[in-house]
Amino acid sequence: MRSFTRMLLRTVVIGVFALGALAGSAQAKTLKVGITLHPYYSFVANIVGDRAKVIPLIDSDANPHGYAPQPADMIRMQAMDVMVVNGIGHDTWAFEILDAAGMRNKLKLIYANDGVSLIPVAGDPSGEKVVNPHTFISTTAAIQQVYTIARALGELDPENATFFRDNARRYALEIRKLRGEFDSKIAGADLSKFRCASMHSGYDYIMQELGLQVSAVIEPRHGVEPTARQLAETIDRIKAANVNVLFAEKYFASKLSDTIRDATGVRMYSISHISSGPYTKEKFIEEMRENLTTIATAIRESAKG
Amino acid sequence: MSAMAQEVRPAGSRLEWLGMIAATIAVIGALGFYVYERGDEHSTEPIYDWQVSAFAGLTGPDQAIYNSLYTVKDEIPFIYDDINRFNEPGQKFHWPNLNDFQDWLLPPFYKDTSWEQQGSLTWTLFEPLPEGEMQGSTMYLGTDGKLSGQGSFLLVIGHVHAGFQNTNAMVIWWISKNHMEMPKSGFRDGLILQGWREVVPYSGAAEVKRLFGADAVERAKAQFNGFPPDGTPADGSSTDATPVDDAATKAKNADVEQLILDALGGQDKEKGK
């Protein structure tokens, strides 16, 4: 009897250890996917579901334009197995953090834009073709990134590759449905009167996908305010092109937009850069829906004259 | 008394000139080396006469249509699998037609306001027979756009059994002509002779190469090889960012987890959870 008890105890102890080992193994299999920008949080969260953790690199209320890396970023980076980056100019600070943390060439990176066909900044008066890094304020380019991320995560975690791919497809369709909603909101509207300018180049991808032209961009370079002369020239171009709509940034307001509105009489609307506020799975769809609703409103109101 | 001008050359003038020339050569050489190393602002793979850059060569609606087609390349194989998944034995596999694309809301085929804004191209599918004269590539032709100066597009899906090197390799072609007939074959040489030009994207991968060096993407991918999710990497190092070997590491990891929890917890609070 005593030996049976001992044997039972031994079995239980071994079982507990085995369960612990299994739990540890399962934990080790859970990828920790870092992200640099809000849209990538939504993309990855929708792709991985509950089979990976998503870790934002910077605080949710930090401005990713000209962001100054913080010590806490390095600590967060240490916890990542892989990090999804824009990599074409919108998260250059992530590479500074990589260097500061000694993680360059150690942390796996997924360049979300690998498969995106890039476009130049629209409305550049110099005619120079400068790469536009705002691929995430879009539908088609966003979908391309979702596929790229899902494929890369699938290579990293082959057991879940099909799961990731199926989620990516489902999510891509959700993104695509936004276009259908937009279409119903502008049904019958006369688009010929719609002429827009934007405070910065953030909205070129979505505008191009919708078949809308951006006639002028106020900021000469991303995050750079125009000089007085450049501003005067831009106002002249806005007037010459009969621009009647100005899209400004929702999160990072600028007094310049008021100046331009007063000087030209354009109607002003705010569009989200999807780069501030809480990181959530739903954020990208919610804010793109809001953006498309705003654009639809601008189109309808410009059609009234 | 007449004034007489006399040129007085400094003793080291010859050396000064030599120094100036040497410095000029050094500066030009350094600039030349820099340009050689960095390349043009958007230099990538060479673009041949029979190619056109989507970034620099296409504009407006044509650029938008190309970018949609470029993403569609990833989606068509998925849809192909979906529509052929439940085929009966002997039933012919077929590529998605234009009606299928309407169901999937797939631009540039889907007929919505954006399609109208981008010239309302008429799309036609050419699906080859498995053998005989019409054997060849699957092709989607987009032509007869309503915008001034608009070109035509051709998406070619090559098949190994039809002589292509890669199964389902997709190539996008563009021609500046507004109206085109469906080509007889999707082979490159024939299309080039007809005036079609292969569209080459300036992709994020090319931009990453320009910004971070030619091997940046490969280096990033190489890291993947060291991460079997349930094993150790080839070099024997730990792949888990939270190893639990010693007390110091445990303490550090606890800090890390706390920071992450704080970051995510703050967000939860904002969401009212």
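Two residues are in contact if their C-beta atoms, placed from the backbone, lie within 7 Å. This is a predicted model, in which local features need pLDDT of at least 70, side-chain atom pairs count only at pLDDT 80 or more, and totals for chains, interfaces and linings use all residues. Residues are numbered from 1 along each chain as its sequence is written, while chains are lettered from A and ligands numbered from 1 in the order in which they are written.

Chain A is divided into domain 1 (29-180) and domain 2 (188-304), with bounds that come from an automatic or database domain assignment. The C-alpha centres of the two domains of chain A lie 24 Å apart. Across the boundary, 33 residues of domain 1 of chain A are in contact with 32 residues of domain 2 of chain A. On the domain 1 side, the elements that give two or more residues are H2, helix H5 (140-156) and H6 of chain A; helices (H or I, at least four residues) and strands (E, at least two) are DSSP runs, numbered from the N terminus. H2(A) supplies the largest share of that side, seven residues. The residues of this side divide into 16 nonpolar, 14 polar and three charged, where Ala, Val, Leu, Ile, Met, Phe, Trp, Tyr, Cys and Pro count as nonpolar, Asp, Glu, Lys and Arg as charged, and the others, Gly among them, as polar.

Helix H2 (residues 38-48) of chain A also packs with helix H6 (residues 161-185) of chain A, at an angle of about 125° and with the axes 7 Å apart. Axes are lines fitted to C-alpha atoms, for helices over the stretch in contact, and angles run from 0 to 180 degrees between N-to-C directions. H2(A) and H6(A) are therefore oblique to each other: angles under 35 degrees count as roughly parallel, over 145 as roughly antiparallel, 65 to 115 as roughly perpendicular and the rest as oblique. The contact is made by A:Asn46, A:Ile47 and A:Val48 of H2(A) together with A:Phe164, A:Asn167, A:Ala168 and A:Tyr171 of H6(A). Five of the contact residues are nonpolar, two are polar and none is charged.

The sheet comes next. Four strands of chain A form an open sheet with parallel pairing in the order E6-E5-E7-E8; two strands pair if DSSP finds at least two bridges between them. Strands E6 (214-217) and E8 (267-271) of chain A stand at the edges, each with a single partner strand, so one side of each is left without a neighbour in the sheet. The twist averages 30° from one strand to the next.
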